[in-house]
Amino acid sequence: MPQSAAIISGIQRMVLYETRARYFLVGSNQAQTKHRVLKIDRTEPKDLVIIDDKHVYNQQDVRELLGRLDLGNRTKIGQKGSSGLSRAVSAFGIVGFVRFLEGYYIVLITKRRKMADIGGHSIYKIEDTSMIYIPNDSVRVTHPDEARYVRIFQNMDLSSNFYFSYSYDLSHSLQYNLTLLQRPYELWSSAASSTEEEVHTQSKQDSFDIFEEEGLPTQVVYGLQNEPYYKYVWNGKLLERVKDIVHHDWLMYIIHGFCGQSKLLIYGRPVHITLIARRSSKFAGTRFLKRGANCEGDVANEVETEQIVHDASVMSFTAGSYSSYVQVRGSVPLYWSQDISTMMPKPPIRLDQADPYAHVAALHFDQMLQRFGSPIIILNLVKKREKRKHEKILSEELYPAVINLNQFLPPDHCIDYIAWDMARYTKSKLCNVLDRLSTIAEDVVKRTGFYINRSDFYCHTIRPDDRWGDVGGHITTSGRVQTGVLRTNCVDCLDRTNTAQFMVGKCALAYQLYALGMIDKPKLQFDTDCVRLFEELYEDHGDTLSLQYGGSQLVHRVKTYRKIAPWTQHSKDIMQTLSRYYSNAFSDADRQDAINLFLQVYQPAETKPHLWELPTDFYLHQRSTMALPQDRRSYTLWWSEGILSYLPVAYDEVPCDNTMKKVSVKRVNRFDESIDIYTEFFKPYEITSFDDTFCIAMTNSAREFMPKTVGVDPSPFTVRKPEETGKSVLGSKSNKEETLLQRKTAASAPPPPSEEAISSTSEDDSEEDRDDDGSVSQRSTPIKLLTESGESSRMQEEIQQQTVKEPYGFNLAEFPAEEDLLTYRRFAHLGESQHRVERTEHINLANISCLEPVSCFPEDSIYAVSPPLVDRNSRDVFESHVMTGQGQVKALCRDDILMYREYVKNRYM
């Protein structure tokens with residue numbers, strides 16, 4: 001039966017060559033067996049002329065082509081200027097093409113770093129880029145303001161949290177990507193028939209088959225190329241000019257946000273926890289300059305966070321077990337803003353436009369219904385009681401808007417609204433904030449469900465859990481699908497929102513691990529290695545998103561709401577607040593200009609005022625202010641056509657005519673390079689180093705969080721004391737033991753933390769320093785000078801005792817206790833009598849102890865195991881192998897001929 005697979009980009013490495021008249025961009029796949037050439041004209045001063053011949057070259061053809069170009073572009077002797085073809089730069093992808101007031105620039109990715117791996121699909125972070133001016137200096141028409149636009153564009157730091165992948169669509173969720181591959185094959189066969197002419201018009205070199213005359217069928221796989229979700233693509237406008245000109249392999253879409261991956265070791269079994277945050281490119285900006293929503297329903301600070309849990313022992317998407325859960329944060333979908341001209345820490349909230357029919361909220365929730373399905377659950381965390389009305393203004397407008405929209409929706413698919421004053425609960429000494437959040441999270445996860453690509457285990461049937469039966473979502477033949485989403489917001493969608501999302505993610509993680517068969521109950525406790533690892537991942541995620549939108553790291557963390565944060569954390573909170581205030585007051589305007597220019601919200605022109613001359617960018621993001629809309633949407637039937645008929649399943653994930661148009665299908669061979677993810681990941685055709693193949697420096701639960709002492713339960717689901725973590729074990733010891741422990745744990749301890757890691761773990765250090773009653777900090781000199789000889793000798797004895805006691809559990813220098821000696825004598829006597837009895841008579845074990853089988857197999861016990869059964873095919877393979885070694889070669893079967901044909905085709909054709 002044919003299968004479907006995602007197409008891997010055929011261009012992953014590229015080299016830019018230059019002559020006086022043209023740039024030649026030569027791209028190749030990972031194995032460097034297939035090449036494409038892009039020709040960029042340099043004689044046009046203000047226009048972009050790109051020629052893609054759509055031809056696939058092999059390595060020898062490319063060398064001959066470059067040699068002819070070098071020979072044809074050499075200048076005569078004595079003529080000024082460079083001669084021939086010169087290599088300009090090596091790159092890993094094209095960010096896009098951009099023009100300001102002069103000619104076009106090309107932006108290339110020159111450095112990358114692998115951040116995560118999902119089913120063999122690598123996710124990279126952009127480390128460095130290069131911006132190259134295309135026109136030649138001889139035709140360049142200079143403009144005095146060009147340099148300023150270049151500086152503003154380069155203020156958008158592409159090396160800060162921009163991610164891409166050659167084979168995995170980062171703009172969509174894992175649920176969308178995997179359900180796309182699981183659609184019925186009849187859909188792909190009908191879609192592929194429309195492109196059948198393109199398949200038959202390939203070059204003879206690609207379609208030539210030396211076994212064609214033998215009538216052996218080719219094993220067909222449908223390669224799928226999906227259109228990205230442009231809301232989360234940040235270079236869509238930069239590639240728009242060339243999207244219809246060049247081959248699709250040249251186009252590489254990047255996302256902005258966060259990507260982190262950690263390894264949870266469950267008794268040696270690796271489970272990868274991946275957190276991917278996608279920041280919306282619509283109505284994007286900084287904290288006080290982008291609030292509320294625009295006229296198209298796009299809200300400020302909208303981020304889609306997806307947590308992916310998968311068993312890393314199996315890499316394949318088809319054979320492995322994968323689970324994901326998605327939640328969203330975003331500003332309150334109303335027309336509102338804050339005036340920052342007053343230089344106040346909390347500027348007053350102002351409602352800019354009256355929206356009695358909730359038109360902008362309807363547009364926003366229409367997008368969510370189309371992407372996530374129902375139910376849409378709103379968790380509103382803004383304040384309810386205030387001396388001076390501030391945040392309450394938003395709740396008073398949002399709640400009537402939701403009521404108004406719900407009266408037109410079917411009752412089963414209404415928007416749920418949960419309002420909870422989290423700040424007021426935090427100040428109360430009688431209320432536990434996280435307990436309340438845990439109750440909300442449990443209810444939300446049970447309603448929306450989560451995605452998993454496998455059916456329930458048999459153990460879930462024989463040992464059922466009460467909570468597992470209540471989990472919602474859509475159950476399919478191959479697993480579960482998440483329907484609906486939780487949308488969390490406060491005013492800034494930073495501190496309170498991140499803690500609430502962590503609690504929901506923690507609850508969902510328990511259900512995900514239970515569905516994968518890793519734990520026996522869908523419940524996770526605080527202070528376990530698993531939750532500490534997940535909390536650190538979420539705090540890095542929150543810090544990154546807070547820096548992008550607010551200009552500082554998180555002010556209030558999970559420890560703050562658990563009320564276990566040390567007193568020194570208050571001073572750090574003050575510093576973060578001051579940093580956020582400084583960023584909002586002085587640097588946010590420049591960052592907003594850079595975002596507007598990068599996203600091409602503003603495009604420079606001679607007839608328009610310059611970007612820095614605009615008093616506001618309101619008109620750039622609100623299209624309705626520049627032109628009246630032609631089609632006015634209904635206030636009652638406010639959703640898009642066709643959405644309600646498929647609810648609770650999301651419209652985007654339904655295989656209907658509109659969604660199938662976004663997927664291009666290509667029939668390829670099963671061993672084709674464009675779909676072979678195994679060859680793409682492990683590169684068996686070349687010698688690779690271990691560090692290059694497994695280059696992700698992931699946080700490891702066993703190394704980072706599990707205590708280093710002896711006799712500790714290695715389970716990551718065991719509750720630890722605060723001083724038992726692997727990260728704080730050094731800080732909790734006294735100063736005289738510190739150096740010794742550092743020396744002993746040097747091999748197993750994690751590397752020194754970076755600045756980000758220090759900021760995330762500083763709370764633990766300060767808590768421990770306070771408990772030590774004034775002991776010296778870990779960062780200061782840990783050893784005191786000892787002058788008295790008696791004190792130094794006692795010190796050495798204690799160090800020796802600690803050295804022995806650490807690995808063995810007790811001090812060997814002391815004389816054993818009487819009970820221990822008696823136990824040892826009995827053990828030695830048993831050994832002597834065993835050897836003496838063996839020479840004379842046989843021991844009947846049934847007389848000594850009663851042994852009972854521990855499993856359902858008739859011969860399987862702790863003393864005897866039933867021999868494995870070997871099937872007929874395996875015996876035939878072994879017999880043919882032995883006969884071949886003796887010189888008796890067996891006739892080739894059909895599968896052998898198929899395998900040999902693919903080898904010859906890939907090697908020589």
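Modeller: The account below begins with the chain as a whole, turns to one pair of helices, and then considers a sheet and a single residue for context.

The model is a predicted one. Its protein chain holds 27 helices and 25 strands. Of the 909 residues in the chain, 48% are buried. Among contacts between residues at least 6 apart in sequence, 72% join residues at least 24 apart.

The crossing in which α12 passes α13 is right-handed. On the α12 side, the contact is made by Asn 498, Gln 501, Phe 502, Gly 505, Lys 506, Leu 509 and Leu 513. From α13 come Cys 530, Val 531, Phe 534, Glu 535, Tyr 538, His 541 and Gly 542. Sorted by class, the contact comprises seven nonpolar, five polar and two charged residues.

Elsewhere in the chain, three strands form an open sheet of mixed pairing, in the order β1-β11-β24. Strands β1 (3-6) and β24 (663-669) stand at the edges with a single partner strand each, so one side of each has no neighbour in the sheet. Direction ignored, neighbouring strands of this sheet are turned by 35° against each other on average. Strand β11, residues 220-226, runs antiparallel to β24 and is joined to it by seven bridges.

Tyr 104 belongs to strand β8, which spans residues 104-118. With a relative accessible area of 12%, Tyr 104 counts as buried, because the limit for that class is under 20%. Leaving aside residues up to four places away in sequence, Tyr 104 touches Lys 46, Asp 47, Leu 48, Phe 97, Val 98, Arg 99, Ile 132, Tyr 133, Ile 134, Pro 135 and Arg 241. As for Ile 134, it stands 30 residues from Tyr 104 along the chain, and the C-alpha atoms of the two are separated by 5.9 Å.

Conventions: Residues numbered from 1 in each chain as written. Predicted model: local features only at pLDDT ≥ 70, side-chain atom pairs only at ≥ 80, totals over all residues. Heavy atoms only, no water. Left-handed = near helix turned anticlockwise from the far one by under 90°. Helix = DSSP H or I, 4+ residues; strand = E, 2+ residues; numbered from the N terminus. Contact = heavy atoms within 4.5 Å. Nonpolar A, V, L, I, M, F, W, Y, C, P; charged D, E, K, R; others polar. Pairing = 2+ DSSP bridges. Axes fitted to C-alpha atoms, helices over the stretch in contact; angles between N-to-C directions. Buried < 20%, exposed > 50% of the residue type's maximum accessible area, 1.4 Å probe, protein only.
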